[in-house]
Amino acid sequence: MDRRSFLKTSSAIMGGLAVNSLFNQAVAETKTQFLLDAQHPLLLNFNENSLGMSPKAKDAVIAALPSSFRYPDDARADLIAALGKHYALTDKHVTLGNGSSETIQAAVAMLAAKARQQNQGLQLITPDPTFNYAELYTQSFAGKITKVPLKEDLSFDLKKMEQLADEFDGLSIIYICNPNNPTAMITPASELSEWMHKSSDKQFFIVDEAYAEFVEDPKFISAIELVKQGKNNLVVTRTFSKIFALAGLRVGYGIATPEVIAAIDAFLPLDNTNTAGAVAALASLQDKSFIAYSLKSNNLSRKIVETALDELGITYAPSQANFIFHKVKGDVKTYQKRMADAHIMVGREFPPAMGWSRLTLGTPEEMEQFVIVLKQFREKGWV
């Protein structure tokens, strides 16, 4: 099902975005009525970026196709060098992955091997709910999974997590998704860095910043700054799937000290990033106008939804990502089904946070359509 086959409307919304040629191009393409049916649903359930990739990324992929019979070594090397330069680090501080999930997987594998070599136990300490790939990978190595429920305000209970790490006689992996998925909330840098600065060598942090490019709250500071300070028990993972809209090309990366990167790379396959993905990622990283466009579009989409939720009196968490975590009246599965019947795919429930649904932010015109349906649901007493 082609999500790019959605037909667009709402010139007023797009007019609000017309700050550069990309926005003007989008306005020119919004000539027909928005189509919403079984063949053209709104896909607002997987935190993808409905804008699609940068035009420069598309051009880069097309230009690379004639040489795709060669291995991707040069394309990978160029991307690694560019990422190192982007963060004022070296290429030795960067590892590429088949999405950021592979970097998380390799980090867990590296730490599991380290625990075995040192005849230590292994545990993962993770907030609950959060993105669960670190948990799934740790289970495959028979590690102990220690889940810490979110506090009442949906923030991380870092003090409890720290206590559990200090009490464990072995190696602790601490997984921090910042902003968190599914809540879209940030963990302020002051709270996280305080723990990390006093952490022992038996505590290793995987800080997942998949949505960091969407954040505008000054309380957020990337953990990459701690890498620059030489923290040797940390890897920061990022992805090109979100603000850069390259989810299908599977390009992610990790930032850490050279020692940590070398250890992680030992658990990664060679050439795990293909040529098309590497050149698209490099072009996207350099396309500043597209990044600004993607951020502005997301901010406007968030505003459209938040305004409607406020109007309807629906509780939601403060979002710093490309999705919103909001309360649902009654059973979430029933809400999902009703939305699906209206040709809108929305997110599931994330136990133990019961009664909440995660809504991906599509384009502004898509979110206007969502709001229309949401208000129809209110008229029927469903929300």
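This is a predicted model: local features need pLDDT of at least 70, side-chain atom pairs count only at pLDDT 80 or more; totals for chains, interfaces and linings use all residues.
Figure 1. The peptide bond leading from Asn178 into Pro179 is cis, and its omega is near 0°. Most peptide bonds are trans, and most residues other than glycine have a negative phi.

Figure 2. Ala184 is placed in the loop between strand 5 and helix 8. Its backbone has a phi near 70°, which is a positive value in a residue that is not glycine. Ala184 has a relative accessibility of 0% and therefore counts as buried, the cut-off being under 20%. Pro188 also belongs to the loop between strand 5 (170-177) and helix 8 (189-198). With a relative accessibility of 14%, Pro188 is likewise buried. From C-alpha to C-alpha, Pro188 lies 19 Å from Phe323, and 135 residues separate the two in sequence.

**Figure 3. The packing of helix 7 against helix 8.** Two packed helices are described by the angle between their axes and the distance between the axes. For helix 7 (residues 158-167) and helix 8, the angle is about 15° and the axes are 11 Å apart. Helix 7 is therefore roughly parallel to helix 8, as angles under 35 degrees are classed in this way. The crossing of these two helices is right-handed. On the side of helix 7, the contact involves Leu158, Lys159, Met161, Glu162 and Ala165, which meet Glu191, Leu192, Glu194, Trp195 and Lys198 of helix 8. Sorted by class, the residues of this contact comprise 5 nonpolar and 5 charged, with no polar residues.

**Figure 4. The packing of helix 4 against helix 11.** Helix 4 (residues 73-86) packs on helix 11 (residues 275-286) at an angle of about 30°, and the two axes are 9 Å apart. This angle makes helix 4 roughly parallel to helix 11. The crossing of helix 4 and helix 11 is left-handed. Helix 4 contributes Ala75, Arg76, Asp78, Leu79, Ala82, Leu83 and His86 to the contact, while helix 11 contributes Thr275, Ala278, Val279, Ala281, Leu282 and Leu285. The contact of helix 4 with helix 11 contains 9 nonpolar, 2 polar and 2 charged residues.

**Figure 5. Asp271, in the loop between helix 10 and helix 11.** The loop between helix 10 (258-265) and helix 11 holds Asp271. Asp271 is a residue other than glycine with a positive phi, near 55°. Its relative accessible area is 31%, so Asp271 is partly exposed; this class lies between the limits of 20% and 50%.

**Figure 6. The crossing of helix 13 and helix 14.** The axes of helix 13 (residues 332-341) and helix 14 (residues 364-379) cross at roughly 120° and come within 11 Å. Helix 13 is therefore oblique to helix 14. Helix 13 passes helix 14 in a right-handed crossing. Tyr335, Arg338 and Met339 of helix 13 form the contact with Phe370, Val373, Leu374 and Phe377 of helix 14. By class, the contact of helix 13 with helix 14 has 6 nonpolar residues, 1 charged residue and no polar residues.

Figure 7. Arg238 is located in strand 7 (residues 234-239). Arg238 has a relative accessible area of 8% and so counts as buried, the limit being under 20%. Its side chain makes a polar contact of 3.3 Å with the side chain of Tyr87. A further polar contact, at 3.4 Å, links the side chain of Arg238 with that of Glu213. When neighbours within four places in sequence are left aside, the residues in contact with Arg238 are Tyr87, Ser100, Glu209, Ala212, Glu213, Ser222, Ile224, Gly252 and Tyr253.

**Figure 8. The cis peptide bond between Asp128 and Pro129.** Asp128 and Pro129 are joined by a cis peptide bond with an omega of about 10°. Pro129 is part of the loop between strand 3 (121-128) and helix 6 (133-140).

Terms used. Residues are numbered from 1 along each chain as its sequence is written. Side-chain values use heavy atoms; hydrogens and water are left out. Helices (H or I, at least four residues) and strands (E, at least two) are DSSP runs, numbered from the N terminus. Buried means under 20% relative accessible area, exposed over 50%, partly exposed in between (1.4 Å probe, protein chains only). A polar contact is a pair of N or O atoms within 3.5 Å; within protein, one must be able to donate a hydrogen and the other to accept it, and residues adjacent in sequence count only if both atoms are side-chain atoms. Contact means heavy atoms within 4.5 Å. Axes are lines fitted to C-alpha atoms, for helices over the stretch in contact, and angles run from 0 to 180 degrees between N-to-C directions. Angles under 35 degrees count as roughly parallel, over 145 as roughly antiparallel, 65 to 115 as roughly perpendicular and the rest as oblique. A crossing is left-handed if the near helix is turned anticlockwise from the far one by less than a right angle, and right-handed if clockwise. Ala, Val, Leu, Ile, Met, Phe, Trp, Tyr, Cys and Pro count as nonpolar, Asp, Glu, Lys and Arg as charged, and the others, Gly among them, as polar.
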